Amino acid sequence: MKELVIYVGCTTPVRLPSYERATKLVLEKLGVNLVDMKDANCCGTQFVESLSHKAFIAMSGRILALGEEYSRDILAICGACSGSLKMVKHELDNDAELRDELNELLAEEDLEYTGSSRVKHLLQVLNEDIGYEAIERAVVNPYSNLRLAAHYGCHVTRPFEIVQVDDPENPTIIDRIIEIIGAEQVNYTGKTRCCGGPLLAMDEGVATKIGIDKIRNIQNASADGLVTACQFCNIQLTQCQFGEGMEPEERIPVLTLPQLMGPALGIPMDDLGIWLNRIDSKPVFGTLQEAK
């Protein structure tokens, strides 16, 4: 059985706890043993990173050192967190002076960064550690007559030379899983563009317009729903549909990938927090077929 230590970040437990819950249930169903990382801090992505590079290195570096205490690789389910941890790990592994400076700070807590643990995003675990064939064998309630669009998130796939998750220009992992569980993946204009979320703190109007443009492109492709692999993208692409210019009947369901996979693998929907979704997901889950 594959064993990982899970780092959930700051936003998921507070604003999208169903993502954490669904991830744990789906990975357990697929044979992955997860242990919660204790006493972790924010990774410092974007906002701290833009103010102090050293503070950013210290924050993400402490998480990497904590992960090594478990002697397991680290699963980061947030796109921004996984990107930050991988970027910092890359710097520490290639800069001995920076690594020594970090370890001087970590020594106050009897921690040390050695570089022994890898950082993985959820998509890597599904693709590399579990594999498409194992996922297909686990499907008991496939979807039918369902068209879904995938949104990957910028920090999950870029820069490829460091994160190494999927082709940043033509990502396929979510799309392949959509097909494996019986639905049809839909391509649309601007598929690899940003959701607009990182701009919320600077210009909410621009951020919302970017999000709405993506939703309109997905609607033009006649998709029944949208699937994400980052809680921040999920929140942004949901809340932008509650702004001006979009009527309630136009909104499309936004689901995290494990939330979509769960019912197809036989996990009860009530356990996946689907009732917490702001947009009604019945059009998606109403297409589930009888158990094989």
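Helices (H or I, at least four residues) and strands (E, at least two) are DSSP runs, numbered from the N terminus. The structure described here is a predicted model, in which local features need pLDDT of at least 70, side-chain atom pairs count only at pLDDT 80 or more, and totals for chains, interfaces and linings use all residues. Residues are numbered from 1 along each chain as its sequence is written, and side-chain values use heavy atoms, with hydrogens and water left out.

Strands of a sheet pair through backbone hydrogen bonds, either parallel or antiparallel. In this model, 4 strands build an open sheet with parallel pairing, in the order E2-E1-E3-E4; two strands are taken to pair if DSSP finds at least two bridges between them. Strand E1 (residues 2-7) runs parallel to E2 and is joined to E2 by 5 bridges. Within this pairing, Val5 has Val35 of E2 as its bridge partner, and Ile6 stands opposite Asp36 in E2. E1 also pairs with E3 in the parallel sense, over 4 bridges, and the bridge partner of Tyr7 in E3 is Ala76.

Helix H2 (residues 17-29) lies across E1, E2, strand E3 (73-76) and E4, and runs at about 145° to E2. Helix H7 (residues 122-130) likewise lies across E1, E2, E3 and E4, with an angle of about 95° to E4.

Two packed helices are described by the angle between their axes and the distance between the axes. For helix H4 (residues 53-68) and helix H5 (residues 79-93), the angle is about 100° and the axes are 9 Å apart. H4 and H5 are therefore roughly perpendicular to each other, where angles under 35 degrees count as roughly parallel, over 145 as roughly antiparallel, 65 to 115 as roughly perpendicular and the rest as oblique. On the H4 side, His53, Phe56, Ile57, Ser60, Gly61, Ile63 and Leu64 meet Ser84, Leu85, Val88, Lys89, Glu91 and Leu92 of H5. This contact comprises 7 nonpolar, 4 polar and 2 charged residues; Ala, Val, Leu, Ile, Met, Phe, Trp, Tyr, Cys and Pro count as nonpolar, Asp, Glu, Lys and Arg as charged, and the others, Gly among them, as polar.

Pockets and cavities were located on a 1 Å grid over the protein atoms alone: a cavity is a set of points where a 1.4 Å probe fits but cannot get out, a pocket is an open set with protein on both sides within 12 Å along at least five of seven lines, and lining residues have an atom within 4 Å of a point. Grid points are joined across faces, edges and corners, and a volume is the space filled by probe spheres set on the points. The largest pocket holds about 260 Å³ of space. It is lined by 16 residues, of which Thr11, Thr45, Phe47, Ala80 and Phe232 are the closest to its centre. At least two lining residues each come from helix H3 (47-51), H5 and helix H13 (231-239), and the lining divides into 10 nonpolar, 6 polar and no charged residues.

The second largest pocket has a volume of about 210 Å³. Its lining also numbers 16 residues, with Leu16, Asn234, Ile235, Thr238 and Arg278 nearest its centre. H13 and strand E8 (254-256) each supply at least two of the lining residues, and H13 provides the largest share, 4 residues. By class, this lining has 6 nonpolar, 8 polar and 2 charged residues.

Definitions and conventions: Axes fitted to C-alpha atoms, helices over the stretch in contact; angles between N-to-C directions. Contact = heavy atoms within 4.5 Å.
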